[in-house]
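Please look over the model shown here before reading on. The briefing that follows is grouped by topic.

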Amino acid sequence: MVRENKLETAYIRPLVFYGSEGMGIRADNLKVHVVIAAWHWGAYMGEEEHWNAVSRSAPAPLPVITSTSP
C-alpha cells in the first residue's frame with residue numbers, strides 16, 4: 001500500500017468487518033470485508049518531541065507487593 005502509493009510517511013488504518021448479509025446474533029454466513037487505507041501523514045512534531053511523547057505515554061510500572069506472613 002505504502003510503496004504502491006509512493007508514500008514516504010503515512011497513516012495506515014486497517015479495517016475488518018462483517019457484511020450485512022443478515023441480522024442477528026449469529027455471525028455465520030456473513031462475508032468478511034478487509035480494507036486498508038493509507039494516506040500521507042507528514043511529521044506533526046519534531047524528533048525530540050516525538051520521543052518525549054512516546055516516553056510519556058508508556059504505562060506506569062506495576063507496584064511490587066510483598067507479603068509478610070507470620
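**Backbone, surface and ring pairing in a predicted model**

K6 counts as exposed, because its relative accessibility is 72%. This residue belongs to a model that is predicted, and K6 is placed in the segment before strand 1, which covers 10–18.

**Backbone angles**

- Although K6 is not a glycine, its phi is positive, at about 55 degrees.
- N29, which is not a glycine either, has a positive phi of about 65 degrees, and N29 is located in the loop between strand 1 and strand 2, the latter spanning 32–40.
- N29 counts as exposed because its relative accessibility is 72%, and the cut-off for that class is over 50%.
- As background, most residues other than glycine have a negative phi.

**Aromatic pairing**

- The count of aromatic pairs comes to 1.
- The partners are Y11 and W39, whose ring centres are 5.2 Å apart and whose planes meet at 40 degrees, so the pair is classed as tilted.
- Because Y11 lies in strand 1 and W39 in strand 2, the pair ties together parts that are 28 residues apart in sequence.
- Y11 counts as partly exposed, with a relative accessibility of 27%, and W39 also falls in the partly exposed class, with a value of 40%.

**Nonpolar surface patch**

- A nonpolar patch on the surface is formed by M1, I12, V16, Y18, V32, V34 and I36, which together have about 710 Å² of accessible area.
- Strand 1 and strand 2 are the elements that give two or more residues to this nonpolar patch.
- I12, one of the patch residues, lies in strand 1 and counts as partly exposed because its relative accessibility is 45%.

**L15 and its contacts**

- L15 is part of strand 1, and at 39% relative accessibility this residue counts as partly exposed.
- When residues up to four places away in sequence are left aside, L15 touches H33, V34 and V35; of these, V34 is also listed among the members of the nonpolar patch.
- The C-alpha atoms of L15 and A37 are separated by 8.0 Å, while the two residues are 22 residues apart along the chain.

Definitions and conventions: Residues are numbered from 1 along each chain as its sequence is written. This is a predicted model: local features need pLDDT of at least 70, side-chain atom pairs count only at pLDDT 80 or more; totals for chains, interfaces and linings use all residues. Side-chain values use heavy atoms; hydrogens and water are left out. Helices (H or I, at least four residues) and strands (E, at least two) are DSSP runs, numbered from the N terminus. Buried means under 20% relative accessible area, exposed over 50%, partly exposed in between (1.4 Å probe, protein chains only). Contact means heavy atoms within 4.5 Å. Patches are made of residues with over 30% relative accessible area and no salt bridge: like charges are joined within 9 Å, nonpolar side chains (Val, Leu, Ile, Met, Phe, Trp, Tyr) within 5 Å. Accessible areas come from the Shrake-Rupley method with a 1.4 Å probe; for residues, only the protein chains shown count as cover. A salt bridge is a side-chain nitrogen of Lys or Arg within 4 Å of a carboxyl oxygen of Asp or Glu. Rings of Phe, Tyr and Trp (its six-membered ring) pair if their centres lie within 6.5 Å; planes under 30 degrees apart count as stacked, over 60 as edge-to-face and the rest as tilted.
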